[in-house]
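Please keep the sequence and the structure in view as you read.

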Amino acid sequence: MTDSKESKHEEPSRSPHDREPEQPLSGDGTTRWTTRPETAADTGAVYAVNAAAFPTDAEARLVDALRDDPQAWLPGLSYVAEAADRSVAAHALLTRCLVGGAPVLALAPVATAPGHQRRGAGQAVVRALLDAARLRPEPLVLVLGHPEYYPRFGFVPASRYGIRPGFEVPDEAMMALVLDDSGPVPRGTIQYPAAFGV
């Protein structure tokens, strides 16, 4: 349930002159990334990105365990960002969890390969994944992550909606994003898939 945000576990910032010429910068100074749903051919690359982005391969193994859980895995909600050479630069995953018994989404993990960090790949893949989730009948996304990073996507503390995890975490680290405000937001305790081990 952790993430490798763009500013953690990363190489130092580079100047535009250090970038590969085939990865042009967008108007805001970040690299433009191609994002798309994960395919079966990406499984190994997704594992490698998650293993490289975190201190251990626990997050990579989590993705594999969620992929094997038909209650948790939602086809089309595992996204990658591609580098110019079409290799996987970043990965983000939404799976099924429950809040007070109602189905919602959990964003975890989010990972960017070390060689592509601080260039916007993580942001690009998260934005694309959240856009894909908005096209489905899903009310809410939860994330346990860095409170300095996720508000840029619209996340706020989940406690504002009466949502809480079943374990101790700082209030500002457990966040929620309402995707569909046409109905009531689910309230209660979060129940994660068994693979999360909580």
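## Terms and basis

A salt bridge is a side-chain nitrogen of Lys or Arg within 4 Å of a carboxyl oxygen of Asp or Glu. This is a predicted model, in which local features need pLDDT of at least 70 and side-chain atom pairs count only at pLDDT 80 or more, while totals for chains, interfaces and linings use all residues. Residues are numbered from 1 along each chain as its sequence is written, and side-chain values use heavy atoms, with hydrogens and water left out.

## A pair within one helix

The structure holds eight salt bridges, and one of them links R134 with D131, whose closest N and O atoms are 3.2 Å apart. Both residues belong to helix α3 (residues 121–134), where they stand three residues apart and are therefore separated by about one helical turn; helices (H or I, at least four residues) and strands (E, at least two) are DSSP runs, numbered from the N terminus.

R134 is partly exposed at a relative accessible area of 39%, and D131 is also partly exposed, at 45%. Here buried means under 20% relative accessible area, exposed over 50%, and partly exposed in between (1.4 Å probe, protein chains only). Elsewhere, salt bridges that share partners join R36, D42, E82 and R86 into one network.

## Two partners of R36

The side chain of R36 meets that of D42 in a salt bridge with an N to O distance of 2.7 Å, and D42 counts as buried at 7% relative accessibility. R36 also forms a salt bridge with E82, at 2.6 Å from N to O. Because E82 lies in strand β2 (residues 78–82) and R36 in strand β1 (residues 34–37), this pair ties together parts that are 46 residues apart in sequence. E82, at 7% relative accessibility, counts as buried.
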